[in-house]
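Student: Can we go through the aromatic pairs and the nonpolar cores? Start wherever you like.

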Amino acid sequence: MKWPLTIAGLVVALAAQTALSLVLPREGRLFDPFLLVVVYSGLVFGETHGMLAGTAAGWIQDLQFGGAVTGLQALTKILIGFAVGAAATRFLIAATTTRFLVLFAATLLDALVFERFALVFEVPASELSLAGLFGRAALNAVLGSALFQILDARLRRAVQP
Amino acid sequence: MAKALETRRSHLVLVALVVSHLVIISHQVDAGGGVSLLQKTASVVFSPLQRAVAGAIRLVAGGYRGYVALRGVRQENEVLKDRASGLEVELERQRRLAEEAVRLRELLDLQAVLPYSTVAAEVLSRDVTPWFRSVTIGKGSADGIGLNAAVVSPSGVVGRVIGVGPRAARVQLLLDREAGVGALLEKSRVNGVCAGQVGFADQGQSDLVMRYVPALAEVAPGERVLTSGLDGIYPKGLVIGRVRSAGPPSGLFREVIVTPTARFDQLEQVLVMREAVPRPELTESVR
């Protein structure tokens, strides 16, 4: 169940980012559906699956939307998947507000870790301003929390006899 | 016990993934990038989906625009509602067709002027990450497009190809931090290098910066900036933009802010050069 769900999530994320890039090119940059897939995988299926989902999501982003060096976003998303999964196995992260905070922190971490890696590997990449950083985190957290709620409800309905 | 084993397993997976990615990234950094087999394969796998989504989006956007126009007519004139709405939709369709015809005519005009063989390509998607400035186009190596091919639009230089698949290619826009183009001021004939501005990704930096302009050179706002052809990628004489302002001299040089003429947010069709710009032959004495 978890792999079909993750793969479907990644396909939807790719379609969503492609669509957003055409409809709202500037604002679309602040929303990262691949990150939502990684965070949800980590939250629901644990750290190992979170990391593997992060690897897949990161590689798609690297290959389709990345810069000259491939693997940077994958490495970032692996760490995010691990961190979220590890937190989910140690704490109860089920309430919408808690998930909102996890998504907010994961988005911040994603940008900061990516920018650090870009610096380390000398990959020229623009930086997000403080407002952009928090705006992106808030947008992903709001949309992600809502999507997670919908997905949870659908999954519960699917497993109920 | 089982939990401890699971934790150990996940830690091992983490280490394995991180180390393998560090090796992959380090290898690329050492090798200087380029297009890998993996990138080509990914392009083949993902570009059909992106093409389908792009088509659907254009269809929905067209329908939505028609609907908005229709609603406006209804509010203004209820008596002629049906007729006016039909006409409005048709008008909108015709207008879009006319706009597309103008765009294509501009592309054809440009294609005729350019001294190199070019191919027209449709923009499939724009960059979606905050860190880079690129677009994906619907033509690739099967159409004769190669790495570093110059990409232009009727309004100005767009960028260069940085990744090629058989049916799609990724184009680095001039706005990207890593982009660079040999530039020439039209009147003063001063050479320099135009690059994307170092700035925050979310602040919509849309100006270029021209570096290595001699401090004593006369630079007038509004002056056109052209490609110099010295970079071996872009042919000489294409319009990059217009001078917005010139910074104060710093040592031997000064920086000039250039507003690009290409409308990067509205790119729909572009021309891609199929041939590389020939580098000048050096004579034996020059060597």
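**Rings and cores**

Tutor: A:Phe104 is partly exposed, at 21% relative accessibility (buried is under 20% relative accessible area, exposed over 50%, partly exposed in between; 1.4 Å probe, protein chains only). This is a predicted model: local features need pLDDT of at least 70, side-chain atom pairs pLDDT 80 or more, while totals for chains, interfaces and linings use all residues. Residues are numbered from 1 along each chain as written, chains are lettered from A and ligands numbered from 1 in written order, and side-chain values use heavy atoms, without hydrogens and water.

Student: How are the rings of A:Phe104 and A:Phe134 arranged, stacked or tilted?

Tutor: Tilted, because the planes are at 40°, with the centres 6.0 Å apart. Rings of Phe, Tyr and Trp (its six-membered ring) pair with centres within 6.5 Å; planes under 30 degrees apart are stacked, over 60 edge-to-face, the rest tilted.

Student: Where do the two sit in chain A?

Tutor: A:Phe104 is in helix α6 and A:Phe134 in helix α7 (residues 130-159), 30 residues apart. Helices are DSSP runs (H or I, at least four residues), numbered from the N terminus.

Student: Which residues make up the aromatic cluster?

Tutor: A:Phe100, A:Phe104 and A:Phe134. A:Phe100 also lies in helix α6, four residues from A:Phe104.

Student: New topic. How many residues are in the largest nonpolar core?

Tutor: 48; B:Ile137 and B:Val161 are among those touching the most other members. A second, separate core has 26 residues, including A:Phe31 and A:Leu36. A core joins buried Ala, Val, Leu, Ile, Met, Phe, Trp, Tyr and Cys through side-chain atoms within 4.5 Å.
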